[in-house]
Amino acid sequence: MTDLRRIIWLASFPKSGNTWTRIFLANYIMGGEKAVDINRLHEFTTADVRGDFFDRAAGGTYRGETFDDWMELRPTALRLIAQSRPGTHFVKTHNRIMRIGPYDLIPPEVTAAAIYVMRNPFDVAPSYAQHMGWPIDDAVERMASPTNTTSTPQLIFELPGRWDEHIESWLKAPGLPRHVMRYEDLVADAEKTFRSLLSFLQVPLDFGRLRRAIRASSFNTLKKMEADKGFKERPATAKAFFRKGKTGTWREELSPSQVARIREAFLPMIENHYPEMLEETASFAASA
């Protein structure tokens, strides 16, 4: 029987640095002197919401009518994704790890490893809101809901759920080889953080190539590329995919009551992964 454990998941809650990581890897592994076109990312990675794989799994054009239609077809679509390239390859997902009835949302039988990118929830909230075309209050509510779900027009679903449960599902999955990165560490020291990623992937390190890939995937480069050529992955609800590329924008974008709501919902996970934010966000929330 063919071993289909080929997928290296590029996993994150939405708007947490997944695309930045994919573009860096594309530039490091397949790039040269010229930056990889962001609209050619599909040549390097794929995603678990790709409609063409669901079409192939359905044996024709897939148009789901119910959640169950998607869930029953997903294992076949993921096997096709795993088989789509020889050896291990990268697949983007915003789904959390969970079991729904008899199905694993992230099946171990197609999984080789995972790269997990997390971002603090205070910066995720306004970015998620802008990306989806929601008011920030709605984005905060969604981030705190176990049933947080989105879907494509074909009814191909994404189930990120709660921000904290998403992180926990990937960090505590038994037997999963994984590498965890924080968006904030990428912003502070991209070279060190991406060097650690390459070590995990056992990709030979070339410092010149590393620095070229970092420049090619910098926020300013990506924003200019989107302005010049557009970006196929930008949803119609967003004015731009690459928004600010900074940390700490929550200070200008969130109200004290919104900060308090996020702290209340996610305090244990914030204490574990963002303890440096506890004092400032508490003070900010207290001003409500």
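Q: What does partly exposed mean for a residue such as P146 in this predicted model?
A: A residue counts as buried under 20% relative accessible area and as exposed over 50%, and partly exposed is the class in between. P146, with a relative accessible area of 43%, is therefore called partly exposed. This proline lies in the loop between helix 5 (136–143) and strand 7 (150–151). Not counting residues up to four places away in sequence, P146 touches R96, G161, R162 and E165, while its C-alpha atom is separated by 16 Å from that of Y128, 18 residues apart along the chain.

Q: What makes T61 exposed rather than buried?
A: The relative accessible area of T61 is 64%, and the exposed class begins over 50%, so T61 is exposed. T61 is found in the loop between helix 2 (51–58) and helix 3 (67–83).

Q: Why is T93 called buried?
A: T93 has a relative accessible area of 1%, and because buried means under 20%, T93 falls into that class. T93 lies in strand 3, and its contacts, leaving out residues up to four places away in sequence, are W9, L10, A11, S12, N18, D48, I106 and W170.

Q: How do you know that the side chains of T93 and D48 make a polar contact?
A: The distance given for the pair is 2.7 Å, and a polar contact requires N or O atoms within 3.5 Å, one able to donate a hydrogen and the other to accept it. The side chains of T93 and D48 therefore qualify.

Q: Why is strand 3 described as largely enclosed by the rest of the structure?
A: Five of the five residues of strand 3 are buried, so the strand is largely enclosed. H89, V91 and T93 point one way from the strand, whereas F90 and K92 point the other way, and all are buried. In a regular strand the side chains alternate between the two faces of the sheet.

Q: How do you know that strand 3 pairs with strand 1 and with strand 2?
A: Two strands pair if there are at least two bridges between them. Strand 1 (residues 7–12) and strand 3 (residues 89–93) pair in the parallel sense over five bridges, and strand 2 is joined to strand 3, also running parallel, by two bridges. Among the partners, I8 has F90 as its bridge partner in strand 3, A11 stands opposite T93, and A47 stands opposite K92.

Q: Why do strand 2 and strand 9 count as standing at the edges of the sheet?
A: The sheet is open and has five strands in the order 2-3-1-6-9, with parallel pairing. Strand 2 (46–47) and strand 9 (178–182) each have a single partner strand, so one side of each is left without a neighbour in the sheet.

Q: What makes T111 buried, and which residues are in contact with T111?
A: T111, placed in strand 6, has a relative accessible area of 11%, which is under 20%, so T111 is buried. Leaving aside its neighbours within four places in sequence, T111 is in contact with R5, I7, W9, I106 and L176. A polar contact of 2.9 Å joins the side chains of T111 and W9, and a polar atom of the T111 side chain lies 2.7 Å from the backbone oxygen of P107.

Q: What lines the second largest pocket?
A: The lining has 16 residues, of which I106, P108, A173, P174 and L176 lie nearest the centre of the pocket. By class, there are 13 nonpolar, two polar and one charged residues. Strand 6 (residues 111–118) gives the most to this lining, with three residues, and the pocket holds about 240 Å³ of space.

Q: Which class of accessibility applies to K15, and which to L155?
A: K15 has 15% relative accessibility, under the 20% limit, and therefore counts as buried.

Q: What is noted about phi in K15 and in L155?
A: Most residues other than glycine have a negative phi. K15, which is not a glycine, has a positive phi of about 60 degrees, and this residue is found in the loop between strand 1 and helix 1 (18–30). Phi of L155 is near 65 degrees, again a positive value in a residue other than glycine, and L155 has its place in the loop between strand 7 and strand 8 (157–158).

Terms used. Residues numbered from 1 in each chain as written. Predicted model: local features only at pLDDT ≥ 70, side-chain atom pairs only at ≥ 80, totals over all residues. Heavy atoms only, no water. 1 Å grid on protein atoms, 1.4 Å probe; cavity = no way out; pocket = protein on both sides within 12 Å on 5 of 7 lines; lining within 4 Å. Points joined across faces, edges and corners; volume = space filled by probe spheres on them. Helix = DSSP H or I, 4+ residues; strand = E, 2+ residues; numbered from the N terminus. Nonpolar A, V, L, I, M, F, W, Y, C, P; charged D, E, K, R; others polar. Buried < 20%, exposed > 50% of the residue type's maximum accessible area, 1.4 Å probe, protein only. Contact = heavy atoms within 4.5 Å.
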